[in-house]
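This report describes a structure in short sections. Please look at the sequence and the 3D view before reading on.

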Amino acid sequence: MNILFKEIHELWLATQFTGFMSQTKSRQELYEFSNIIFKHLTWIENDFVKKDIAYGYDIPQVPIKVTHISVMINDLIRRIEAIEEKLSSCDDEHITFRMKSDLEYITSILKTLPEEEVESAFDSNRAYPNIELTTTARDALTVFLFEEIYKEYELILVYNYSKANSNNAFLNRIFQILIDESFFHLRSFGQMMADMGILSVPRSLMEEIYKFDDLEQFLKDGIEEEKGAKEECKKLAQAVSDSSEHFASFFMFINNQENYHIALMEEALAYINKK
Amino acid sequence: MNGEEHLIEHMMNPQNYGNLPEHNSIGMGKNPQNGEKVAIYLKVVEKEGEPFIEDINFQAIGCSTTIVAGSIITSEAKGITFSRAEELISVTIGMLDNVPPEDAACSEMVALGLKASLDTYRERQKDPRFPMISYHISNDCTPQEQENQEIEEKR
């Protein structure tokens, strides 16, 4: 079942990042499918926790560099077929049935998605469509996107792991909001990376990042990181303000969203300390 | 491919990243200031009486510069003997004098992780239960601008 879990994790990323490549209506379909596949991941994970089976998020790098989207779509279908063959390793028949049904439907739709040339998502051009960026702004944005796409992926998995391994309804509500927020940011940054020709799947997480002993310390560190991210966003907004008003307001928006994340983490911290 | 494209390529596709299940040595380079670390996994074989790095991988808790440094240094270290790897470490650390300290810290962490892994292997030849060796970096990872700001805030 551990192999099944890893393959679902890889399929989730491959589907999400294929969505970033698309410039057509397929993008929304792929986003929805990646949501469903992420849910599958959490079902298997909950089963692991119930049965006290050790598991982790370590996966090999997911290759996505292609010239045409059909190559990725065929890869997704091949991945789904491999998963379907392993579904019997999950002994919860309700989960198996639901997953099988979802995957069959997803495959049927994938087969109908139109062809698209997606070479520009990987050409390292780092030019943003219709926006003139200075070299400084372009370099700052490049580093920011690489750092932040990894960070959002990390946060999704860290909060997901914490949620799966906690029965505390108060904390789990906060973890879920933070997961949802990170998904939004991951998608914003992923689309920007594709637009700039630097799309790539984040590296896998070291186990000690999500299997931590001290939630209080984790939250304290997290608050500091969010404050750091706010500063980065402010700097970026400044760096791109001459080139693009749209970008500047986007980064100020992200900066202000970090306030909400900090408030949520502070709420969780206060709750733990009160307990 | 120019230098800039080369760096972007390493950021997009870091080489040798991830766990190496068949490793027989591991070492760690750490930044005690901020908890960043790099683990270097080695699969070592003996060739003509000298240890030889047949395979190498790394994992990191760190920034993009660390990932790029890890990708480049592990690519250089794959398929060389321990004595050549020692030269690689010393050349890498020697070059860091000309690099801003916050960038030097990342490369130093990778180089010391590799050094720690070589030393762990040597120790395990004498005692197979020898624990993983970790080395701490000497460069300061805090960007100068931020450091000045922190000093200002403390005043």
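The model is a predicted one.

## Chain B as a whole

The pattern of chain B is made up of five helices and four strands. Chain B has 155 residues, and 39% of them count as buried.

Among the contacts with a separation of 6 or more, 64% are between residues 24 or more positions apart.

## Strand β1 of chain B

Strand β1 of chain B covers residues 25-30, and six of its six residues are buried. In a regular strand, side chains alternate between the two faces of the sheet. Both faces of β1(B) are covered. On one side the buried residues are B:Ser25, B:Gly27 and B:Gly29.

Which strands pair with β1(B)? One is strand β2 of chain B, residues 37-47, which pairs with β1(B) in the antiparallel sense over six bridges. Another is strand β4 of chain B, residues 133-136, which runs parallel to β1(B) and is joined to it by four bridges. B:Gly27 takes part in both pairings: it stands opposite B:Ile40 in β2(B), and its bridge partner in β4(B) is B:Ile133.

β1(B) and β2(B) form a hairpin with six residues between the strands. In this hairpin, B:Gly35 takes a positive phi near 80 degrees.

## The two domains of chain A

The domain assignment divides chain A into domain 1, residues 1-122, and domain 2, residues 125-275. The C-alpha centres of these two domains of chain A lie 23 Å apart. Where they touch, domain 1 of chain A gives 18 residues and domain 2 of chain A gives 15 residues.

On the side of domain 1 of chain A that touches domain 2, the elements giving two or more residues are α1 (2-21) and α2 (26-51) of chain A. The residues on this side of domain 1 are eleven nonpolar, five polar and two charged.

## Where chain A meets chain B

How many residues of each chain are in contact with the other? There are 13 from chain A and 14 from chain B. Helix α5 of chain A, residues 135-164, gives the largest share of the chain A side, with three residues. The side of chain A that touches chain B holds six nonpolar, four polar and three charged residues.

## Two residues of chain A

A:Leu264 lies in helix α9 of chain A, residues 245-274. Is A:Leu264 buried or exposed? A:Leu264 is buried, because 20 other C-beta atoms lie within 10 Å, and 20 or more are needed to count as buried. Apart from neighbours within four places in sequence, A:Leu264 is in contact with A:Ile174, A:Ile177 and A:Leu178. A:Leu264 and A:Tyr105 are 159 residues apart in sequence, and their C-alpha atoms are 37 Å apart in space.

A:Phe183 lies in helix α6 of chain A, residues 169-195. A:Phe183 has 19 C-beta neighbours inside 10 Å, so it counts as partly exposed. A:Phe183 and A:Glu85 are 98 residues apart along the chain, and 29 Å separates their C-alpha atoms.

Methods:
Residues numbered from 1 in each chain as written. Chains lettered and ligands numbered in written order. Predicted model: local features only at pLDDT ≥ 70, side-chain atom pairs only at ≥ 80, totals over all residues. Buried ≥ 20, exposed ≤ 12 C-beta atoms within 10 Å, placed from the backbone. Contact = placed C-beta atoms within 7 Å. Domains from an automatic or database assignment. Nonpolar A, V, L, I, M, F, W, Y, C, P; charged D, E, K, R; others polar. Pairing = 2+ DSSP bridges.
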